[in-house]
Amino acid sequence: MDIQITPHPLAGHVTPPSSKSMAHRLLIAAALAGGVSTLENFALSQDVEATLRCLSALGGKWREIRPGTVEITGIGRGRPAPAKLPLLDCGESGSTLRFFIPIALAVAGGGIFTGHGRLMERSQEPYFDLFREQGIHFHQEGQTLTIQGRPRPGTYHLPGNVSSQFFTGLLFALPLLDRPSEIIPTTPVESWDYILMTLDALAGAGVVATEPQPCRNAFSVSPASYLPFSRQVEADWSQAAFWYAAAFLEQPVRLHGLYPRSIQGDKVITRLYWKLARPGEREIDVSSCPDLLPPLAVMAAASAGVTRFTGAARLRLKESDRIASTAAMLRALGGQAEEGVDSLTVPGGAAFTGGTVDGANDHRIVMAAAIAATRASGPVTILGAQAVKKSYPAFWDDYQRLGGVIHVL
């Protein structure tokens with residue numbers, strides 16, 4: 001779906017959808033529990049639907065008992081392995097794929113994973129290194145990854161500067177083994193807040209994982225049975241960042257439903273907003289909040305000064321090469337941007353002129369372009385605007401309700 005936006009101010013109140021990152025984790029914890037769990041303030045998106053498909057493939061069940069509330073019947077501990085490897089369709093969700101790889105090994109002795117878009121191009125080498133050590137079979141061909149074997153309890157070494165998703169996958173799977181295990185980061189851990197979200201989801205299901213301590217740099221995990229629970233999913237600070245960008249562009253948009261004490265790492269948008277509001281040069285490390293780069297870049301283009309975003313190497317392997325697609329989006333709208341290997345430099349003072357933006361099949365590029373369009377001097381065409389369904393299906397409804405003017409081409 002391609003759309004054309006006629007620049008128009010946004011104004012009003014908006015509540016972001018529930019956190020996709022938290023929903024993934026709570027759904028998995030519920031699926032591994034013995035019994036029935038309930039999640040409230042739950043919103044579907046394509047990525048969340050991928051996690052629901054995978055938990056169903058492993059034997060879990062779910063149903064919507066009323067709008068915004070789902071009930072998950074978990075598989076419990078000690079369930080016999082299926083006669084054949086389950087097929088797990090992860091869509092375009094990197095979280096789903098990396099979370100379920102070790103879970104499928106622990107629960108079903110492996111699985112056949114498929115994906116779409118650029119998903120299967122994302123590196124799984126940290127897992128493959130562990131599989132080689134443990135004699136677990138794996139084979140990837142095109143869009144299909146087959147893994148088979150049983151993980152053994154023990155010590156797992158993982159690089160901390162690749163993705164926290166590998167830590168999360170192991171933290172979910174290792175309690176299912178029959179003896180204690182530990183995960184030792186071999187480099188400093190990035191995206192630490194995402195691991196805190198995982199530990200929080202585990203604790204809510206009665207599973208305790210001990211964090212690294214000064215005397216022992218390891219996550220310690222003991223065998224445990226996941227317990228059913230009831231939980232409300234917090235509103236998503238990642239999606240709130242786009243409305244923060246609208247406010248930065250002097251649109252009177254007010255946010256509701258966000259938890260101010262949230263452990264979501266993207267809550268840092270509240271601090272970065274004010275950092276960008278001060279004139280002058282600044283540097284922002286996005287290694288712990290990579291999803292914020294597109295809305296932050298729009299804010300930086302409208303700021304007084306030059307902003308250099310660093311620690312962005314992993315963004316090259318998102319739904320798009322998000323360093324390149326963010327830069328292309330700004331240039332298409334009359335701004336400037338200079339790419340580095342793992343950085344993006346954005347001069348401020350841009351006057352958005354309108355133009356055509358390739359959404360690059362990336363939901364965050366599409367939403368960032370839509371916010372920038374509110375301040376453009378001419379119409380903005382966005383190609384592939386349906387990409388918002390990946391994380392925020394109601395984005396265009398909220399955009400229009402706030403005064404945005406769009407026309408489907």
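Predicted model: local features only at pLDDT ≥ 70, side-chain atom pairs only at ≥ 80, totals over all residues.

A residue counts as buried when its relative accessible area is under 20%, and as exposed when that area is over 50%.

Cys289 has a relative accessible area of 4%, so the residue is buried. Cys54 is buried as well, at 0% relative accessibility.

How many disulfides does the structure hold? The count is 0. A disulfide needs two cysteine sulfur atoms within 2.5 Å. For Cys54, the closest cysteine sulfur belongs to Cys90 and is 4.0 Å away, which means it is too far for a bond.

Now for the backbone. Most residues other than glycine have a negative phi. Two residues here are worth a look for this angle: Ser191 has a positive phi of about 55° without being a glycine, and Glu250, also not a glycine, has a positive phi near 70°.

Where do they sit? Ser191 is found in the loop that links strand S11 (181–185) and helix H6 (192–204). Glu250 belongs to the loop between helix H7 (237–248) and strand S15 (253–255).

Are Ser191 and Glu250 buried or exposed? Ser191 is buried, since its relative accessibility is 2%. Glu250, in contrast, is exposed at 67%.

Here are the accessibility values side by side:

| Residue | Relative accessible area |
|---|---|
| Cys54 | 0% (buried) |
| Cys289 | 4% (buried) |
| Ser191 | 2% (buried) |
| Glu250 | 67% (exposed) |

Definitions and conventions:
Residues numbered from 1 in each chain as written. Heavy atoms only, no water. Buried < 20%, exposed > 50% of the residue type's maximum accessible area, 1.4 Å probe, protein only. Helix = DSSP H or I, 4+ residues; strand = E, 2+ residues; numbered from the N terminus.
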